[in-house]
Amino acid sequence: MWIAAARVEDLPAPGAYVLREIAGESVILTRDDTGAFRGYFNVCRHQGSRLCTEKAGRLDGRIQCPYHGWAYDLTGRLVDAPHMDDGPAFRMERVSLAAVAVDVWDGHVFVCLQPSPPPLRDQIGGLARRLEAWRMFELRRAYRAIYDVRANWKLIVRNHLDTLHIPFVHPALRRLAADRDLEGDPPAQTWLGGRLAFRPDVETLTHSGRLRRPALSGLADDQRRHVSMYAVLPNLLLSLHPDYVMTHLLWPKGPDRTEVWCEWHFHPREFDRPAFDPADAIDFWDDTNREDWQVCEQTQAGVASRAWAPGFYSPREELLVTFDRIVLERLDDA
């Protein structure tokens, strides 16, 4: 599948790059001189050395191996190969970096390790139309929190789609959100989610429940009365509020550990306001996140027991059932 890996603002100009670890592979994401997004396996074609070691930075028009000096332009083409002039079978023009497919949806940069993947738009499908009013491509990140969660990534996805735990786990969220399930969309094979309504006097999800900044201008009235929560499989969780968007990127580090990058995104005009302070949203969700991670970790410990066997679902857990079926179908196809 296409995997969410970055935001467009992480790669603002040609030569800007970030490294991502995906399925045991190190991947370089960058932009070439035309501004096109590029992805490469972080492997020199000479002796296999890593090309980039810093997590992010800027490339001066080329990607140079620190071991023997082989260099590639930003399109991945080999442009310098010291000491290879006398190689009788060597042809520089035939050598390039191993490419990784890269595409962009609404400000999110995705990669796919398949040699010839289907278009990203096929994976996003109808979700693009449902979420276009938030214009996520315009938003800018105000803060990133990184959590090390001792739980499998699938448990974190399931928790994101589950509302039955709110009364027991999230006292602050319970005061703000209506006591009901997600108003779910018809489930797709690549994304799941829906909307959670606010209580009558609530305007957004912060500790006060009050808007401290204007709502995003493209939203309809009913979109301002909910938080829209989606899992874009496999690893992007979206929480779309009237005045900001929160994202979670899930990076599996093992069968029982996931690194979670939580980011808060606001309209660019807010950053120009002297009184702009995103702490109301950040603090609320940092508290809520930590409550979620605790129960995810408790669940991870429980399902590791020989005494546990899956199989019980409430009629109100349709999204969880669908997600589990999707995972099982993909395992059967592997």
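Let me begin with a definition: on a 1 Å grid over the protein atoms alone, a cavity is a set of points where a 1.4 Å probe fits but cannot get out, whereas a pocket is an open set with protein on both sides within 12 Å along at least five of seven lines, and lining residues have an atom within 4 Å of a point. Grid points are joined across faces, edges and corners, and a volume is the space filled by probe spheres set on the points.

What you see is a predicted model, in which local features need pLDDT of at least 70 and side-chain atom pairs count only at pLDDT 80 or more, while totals for chains, interfaces and linings use all residues. Residues are numbered from 1 along each chain as its sequence is written, and side-chain values use heavy atoms, with hydrogens and water left out.

How many cavities of 30 Å³ or more does a search of the whole structure find? The search finds two. The largest cavity has a volume of about 190 Å³, and among its 20 lining residues Asn159, His160, Met229, Trp285 and Asp292 lie nearest the centre. Helix α7 gives the largest share of that lining, five residues; helices and strands here are DSSP runs (H or I, at least four residues, for helices; E, at least two, for strands), numbered from the N terminus. The second largest cavity, with a volume of about 50 Å³, takes the largest share of its lining, three residues, from β1.

Turning to the pockets, the largest has a volume of about 850 Å³, and of the 28 residues that line it, Leu155, Arg158, Thr299, Trp308 and Asp324 lie nearest its centre. Helix α8 gives the most to this lining, with eight residues, and α8 also provides the largest share, five residues, of the lining of the second largest pocket, where about 680 Å³ of space lies.

Finally, the interior: a nonpolar core is a set of buried (under 20% relative accessible area, 1.4 Å probe, protein chains only) Ala, Val, Leu, Ile, Met, Phe, Trp, Tyr and Cys residues joined through side-chain atoms within 4.5 Å. The largest such core has 43 residues, and Tyr147 and Trp264 are among those that touch the most other members. Helix α7, residues 279–303, gives the most to this core, with six residues. Apart from it lies another core, of 39 residues, including Val102 and Trp261.

Key
Buried means under 20% relative accessible area, exposed over 50%, partly exposed in between (1.4 Å probe, protein chains only).
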